[in-house]
Amino acid sequence: MFYYLNGMLAEAFSDFAVIDCGGVGYKCTISFTTRSKLPEIGMNTKLFTYMNVREDAVDLFGFAELAELDCFKLLIGVSGVGPKAAIAILSELSPDKFALAVSKGDTKALTRAAGVGAKLASRVVLELKDKVGKSVAVSEETAESIPAPVADGGVFDDTVASLMALGYSRYQAEQAVQSLDLSALSVENAIRQALKILMKG
């Protein structure tokens with residue numbers, strides 16, 4: 001129903017914000033990630049929204065970035081993950097770090113979220129590993145945190161392997177790397193340049 005809210009930030013707490021749009025205050029549940037990106041009270045802001053309808057309540061969730069909303073939708077599509085758990089995970093992990101954690105199978109990163117145990121974290125990884133790379137872009141800064149694989153197949157193979165760890169398919173990774181001049185590139189620089197190509201496409 002609501003795609004986004006654009007109005008004055010009337011209230012902001014750790015778990016929700018109120019956006020005044022034409023004299024009507026909309027309460028949106030938010031993550032710590034979104035909270036950190038909100039302006040000062042009284043300033044204009046924009047939140048992308050998701051409306052969750054239950055038998056006894058209608059809840060509105062707000063996100064500073066579309067990428068975080070995309071992550072939220074993926075998470076609540078996982079069996080056993082409700083909006084509360086999804087917000088908890090996104091409070092611990094920004095969208096790109098969430099995508100990286102799922103792609104690498106890093107369940108420990110997910111269990112740092114309140115109320116998320118090892119079993120639920122494993123289910124998130126299992127159900128989203130093949131989806132997250134297609135839905136959430138990973139920033140170059142986060143990608144640089146991936147350790148390069150042990151070199152045994154040259155820059156081409158190592159770069160492809162690293163891109164696949166981020167959730168891209170082998171075909172996507174190979175197509176991007178094939179367009180690079182690898183003669184003077186390290187694996188880290190090749191990953192960086194290949195990501196630019198993949199994010200444009």
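This is a predicted model: local features need pLDDT of at least 70, side-chain atom pairs count only at pLDDT 80 or more; totals for chains, interfaces and linings use all residues.
Strand β2 spans residues 16-21, and strand β3 spans residues 24-29. The two strands run antiparallel and are joined by six bridges. Within this pairing, I19 stands opposite Y26 of β3. The strands form a hairpin with two residues between them. In that hairpin, G22 adopts a positive phi near 65°.

Charged side chains were examined next. Side chains of opposite charge can pair when their charged atoms come close. The count of salt bridges comes to three. E65 is in the loop between β5 (58-63) and α2 (66-76), whereas K37 is in the loop between α1 (32-35) and β4 (44-53). The pair therefore ties together parts that are 28 residues apart in sequence.

The helix contact involves α9 (residues 154-165) and α10 (residues 170-178). Two packed helices are described by the angle and the distance between their axes. Here the axes come within 9 Å and cross at roughly 135°. Angles of 65 to 115 degrees count as roughly perpendicular and those over 145 as roughly antiparallel, so α9 is oblique to α10. The crossing of α9 and α10 is right-handed. On the α9 side, F156, T159, V160, L163 and M164 make the contact. On the α10 side, the contact is made by R170, A173, E174, V177 and Q178. The residues of this contact divide into six nonpolar, two polar and two charged.

Methods. Residues are numbered from 1 along each chain as its sequence is written. Side-chain values use heavy atoms; hydrogens and water are left out. Axes are lines fitted to C-alpha atoms, for helices over the stretch in contact, and angles run from 0 to 180 degrees between N-to-C directions. Helices (H or I, at least four residues) and strands (E, at least two) are DSSP runs, numbered from the N terminus. Angles under 35 degrees count as roughly parallel, over 145 as roughly antiparallel, 65 to 115 as roughly perpendicular and the rest as oblique. A crossing is left-handed if the near helix is turned anticlockwise from the far one by less than a right angle, and right-handed if clockwise. Contact means heavy atoms within 4.5 Å. Ala, Val, Leu, Ile, Met, Phe, Trp, Tyr, Cys and Pro count as nonpolar, Asp, Glu, Lys and Arg as charged, and the others, Gly among them, as polar. Two strands pair if DSSP finds at least two bridges between them. A salt bridge is a side-chain nitrogen of Lys or Arg within 4 Å of a carboxyl oxygen of Asp or Glu.
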